[in-house]
Amino acid sequence: MIAVPPLPPRSPRSAVRALGQPASPAERAAQRQADSAALRAARPGKLDLAYAAAAECRWDLYPALAPDAPVLVLLPGDHWQGSRLGAGAVAQGLLAHGWAAALPGHSPAPAASLTRIVRQMHRALDWLADQGPRHGVAGPVLLCGWGSGAHLAAMLLEHPRVTAGLGLGGCYDLAGLEEGLALNPLEVEVLSPQRLPVARKPFALAFGEADPPELQRQSRHFHAYRSLDGGGGPLLPLPGLELEGVLESLRAPDGLLCHTARALIEESLAGAAAARE
């Protein structure tokens, strides 16, 4: 059994759910943010590591005890604002299984173009490939995002540092977002994963069946698009859940999405080993 660094206890509001009283999505989001702040306070040693000159271009790293442990790279769904401060708690399930976690920030939209944001995230992964081992983060990467972060995860799946991906309630076709993100028609084409060649790496897609219909449609369509061209990875509709409930399924050590994340990495590594034989 892999020994893991201790996790900070959840704040008292977490006990509400433990007693069987359902929490609202807003309460779950507030709890996630509070627990993320507690995680940063408990493990401050590898925070705010610069990968580029812009003030927001920083990594928060949570190394495992084993440097070659799998790494969950989390991309929060905050409408491309690039803030990592309220997201770290989502990694707690995989941290409990001996993984490392890493959260990159980026410049916020629309002040920064989406083209620039995608370039920054590529540069962040370049930095992780080059500098991560110096900080004890050298294992295979599962790139996971929700909302806008799921879009970025799909855009970055081809990066050589990435082994597999997991998108939660994502936006994979940017049509209709031109005004809000100041996109021109060419950017809609080249920044929509739904319109690009399929990355031949596993990419699981999950969403809550209580999520808005458009988010559900985007995940279903992107999964169908990938499947037609050999893109691997399951489609996972989660009954009765909205986004915060979906995140809980990743955050819980025994949650379905926590299990899915582990399986994605294990199966990808096993497949790569078999291919080398």
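**Helix packing, nonpolar cores and local backbone features**

Arg116 is partly exposed, its relative accessible area being 39%. In this predicted model, Arg116 belongs to helix α4. Residues up to four places away in sequence being set aside, Arg116 makes contact with Ala54 and Ser107. Between the C-alpha atoms of Arg116 and Asp48, which lie 68 residues apart along the chain, the separation is 20 Å.

Helix α4, which spans residues 114-131, packs against helix α5, residues 148-156. The angle between the two helices is about 65 degrees, and their axes lie 11 Å apart. The crossing of α4 with α5 is right-handed. On the side of α4, the contact is formed by Leu114, Ile117, Val118, Met121, His122 and Leu125. These residues meet His151, Leu152, Met155 and Leu156 of α5. By residue class, the contact of α4 with α5 comprises 8 nonpolar and 2 polar residues, with no charged residue.

In soluble globular proteins, nonpolar side chains tend to be buried together. The largest nonpolar core of the model holds 47 residues. Within this core, the residues with the most contacts are Trp59, Val73 and Leu128. At least two core residues come from each of β2 (58-62), β3, β4, α4, β5 (141-146), α5 and β7 (203-208). The greatest contribution is that of α4, which gives 8 residues to this core. The surroundings of Leu128 were examined with neighbours within four places in sequence left aside. Leu128 is in contact with Trp59, Leu61, Val73, Pro133, Val137, Val141 and Arg161. Two of these partners, Trp59 and Val73, are themselves named among the residues with the most contacts inside the core. Another core, of 31 residues, lies apart from the largest one, and includes Tyr62, Trp99, Leu236 and Leu264.

Ser219 counts as buried because its relative accessibility is 0%, below the 20% limit for a buried residue. With residues up to four places away in sequence not counted, Ser219 touches Gly169, Gly170, Tyr172, Leu205, Ala206, Phe207 and Leu235. His223 likewise lies in helix α8. With a relative accessible area of 18%, His223 is buried; this value falls under the limit of 20%. Beyond neighbours within four places in sequence, the contacts of His223 are with Leu205, Gly233, Pro234 and Leu235. His223 and Glu267 are 44 residues apart in sequence, and their C-alpha atoms are 19 Å apart in space.

Several backbone features occur in loops. Most residues other than glycine have a negative phi, and most peptide bonds are trans. Trp80 has a phi near 60 degrees, a positive value in a residue other than glycine. Trp80 is placed in the loop between β3 (71-75) and α3 (92-96), and is buried, at 7% relative accessibility. Ala182 also has a positive phi, near 55 degrees. The loop between α6 (178-181) and α7 (185-190) contains Ala182. In terms of accessibility, Ala182 is exposed, at 54%. A cis peptide bond, with omega about -5 degrees, joins Ala109 and Pro110. Pro110 occupies the loop between β4 (100-104) and α4.

A search of the whole structure finds 0 disulfides. Cys171 is in no disulfide, the nearest cysteine sulfur being that of Cys144 at 16 Å. Cys171 is buried, with 13% relative accessible area. For Cys258, which is also in no disulfide, the nearest cysteine sulfur is again that of Cys144, 11 Å away. Cys258 counts as buried, its relative accessibility being 0%.

Technical notes. Residues are numbered from 1 along each chain as its sequence is written. This is a predicted model: local features need pLDDT of at least 70, side-chain atom pairs count only at pLDDT 80 or more; totals for chains, interfaces and linings use all residues. Side-chain values use heavy atoms; hydrogens and water are left out. A disulfide is a pair of cysteine sulfur atoms within 2.5 Å. Buried means under 20% relative accessible area, exposed over 50%, partly exposed in between (1.4 Å probe, protein chains only). Axes are lines fitted to C-alpha atoms, for helices over the stretch in contact, and angles run from 0 to 180 degrees between N-to-C directions. Helices (H or I, at least four residues) and strands (E, at least two) are DSSP runs, numbered from the N terminus. A crossing is left-handed if the near helix is turned anticlockwise from the far one by less than a right angle, and right-handed if clockwise. Contact means heavy atoms within 4.5 Å. Ala, Val, Leu, Ile, Met, Phe, Trp, Tyr, Cys and Pro count as nonpolar, Asp, Glu, Lys and Arg as charged, and the others, Gly among them, as polar. A nonpolar core is a set of buried Ala, Val, Leu, Ile, Met, Phe, Trp, Tyr and Cys residues joined through side-chain atoms within 4.5 Å.
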